[in-house]
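Visitor: I have a structure open here and would like to walk through it with you. Could you take my questions as they come?

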Amino acid sequence: MARRKKGDAISGWICLDKPYDLTSTTAVSRVRRAFNAQKAGHAGTLDPLATGILPLALGEATKTVPFLMDADKAYRFMIQWGRSTTTLDREGETTEASDVRPTREAVEAALPAFIGEIDQVPPNYSAIKVDGERAYDLAREGVEFELKTRKVTVHTLRVSAAPDADHIELEMECGKGTYVRAVVRDLAAALGACGHVDQLRRTRVGRFSEDSAIGLETLENLSYEARLSEALLPVETALDDIPALAVTDEDAFRLAQGRAIVLLPRQVESLKTELTPGDRTVSAMSGGKLVALCEMRAGKLNPVRVFQLT
């Protein structure tokens, strides 16, 4: 007899506004506990220092996490000039100091070099694995290592505020794998200055933005009032860029059993216009609920991931 899973079969997404000084893992645990959910996960770690958008998946939504990992992200961050640190943020130990305070005009003149597809070396204090170990663990142990340069994409990067000579605020939209701390490190070096991240906020992950975000304390208060459903977003929220096809109850039953369904010629042509070149992923919907993620081939939808949503 199969062991019954602990918790409730809750499925959906939470657009969490993560507070300062909280790990992503702790945030997941607290949200899972609030919902008494059987399963929970997150789509991309956010440093304890950082605040902002941390999409959390509950139940069947965890099957859609990979589709959000590749999503574009947006950040707002404050640079403090005068000090470089081991962690590239204000919590690290000072490695170098300087009296250079770049002006707003100097920063704006340097920014174009950091926009587009650029080469970036990730920070040593990052979650990247080196010979099976997390880079930040090796860095804390004092182990010497070098991370490889990799290509990342920065869509936009601009100065949003310059409150005083010691600080400047920037906003950035970027592709996956881009590190704000590395941008600050390299920008400071280009300006002949020392600097580190003083404040960092993630303002968007894919379609998850501040407009739909909810604070952790607010969420937990909703739990006490039995109103948590107000904060739960549909499982398909993470699939915003994937074409959706409404299927019949009969076809939904077939897909749920792992069997392919045959498409009508007009359905094939319609989906082709929505799919990006080289992509075949389609979400099958029935009665407003996600049935399966499918691959379209030879006029058929072949289920790849089936969802048990009631």
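Visitor: What phi does Ala-298 take in the hairpin of E18 and E19?
Guide: Ala-298 takes a positive phi near 50°, in a hairpin that has 2 residues between its strands. This is a predicted model, in which local features need pLDDT of at least 70 and side-chain atom pairs count only at pLDDT 80 or more, while totals for chains, interfaces and linings use all residues. Residues are numbered from 1 along each chain as its sequence is written, and side-chain values use heavy atoms, with hydrogens and water left out.

Visitor: How many bridges join E18 to E19?
Guide: There are 6 bridges between E18 and strand E19 (residues 300–306), and the two run antiparallel; within this pairing, Arg-297 has Lys-300 in E19 as its bridge partner. Strands (E, at least two residues) and helices (H or I, at least four) are DSSP runs numbered from the N terminus, and two strands pair if DSSP finds at least two bridges between them.

Visitor: And which residue stands opposite Met-285 in E18?
Guide: That is Leu-290. Strand E17 (residues 281–286) pairs with strand E18 (residues 289–297) in the antiparallel sense over 6 bridges, and the hairpin they form has 2 residues between them, with Gly-287 in the turn at a positive phi of about 60°.

Visitor: Changing topic, which residues touch the most other members of the largest nonpolar core?
Guide: They are Ile-14, Val-31, Phe-77, Leu-157, Leu-170, Met-172 and Leu-187, in a core of 45 residues. The largest share of this core, 5 residues, comes from helix H5 (residues 180–190). Apart from it lies another core, of 19 residues, including Trp-13 and Met-285. A nonpolar core here is a set of buried Ala, Val, Leu, Ile, Met, Phe, Trp, Tyr and Cys residues joined through side-chain atoms within 4.5 Å, where buried means under 20% relative accessible area, exposed over 50% and partly exposed in between (1.4 Å probe, protein chains only).

Visitor: Is Leu-88 buried or exposed?
Guide: Leu-88 is buried, with a relative accessible area of 14%. Its place is the loop between strand E5 (83–85) and strand E6 (94–97), and its phi is near 70°, a positive value in a residue other than glycine.
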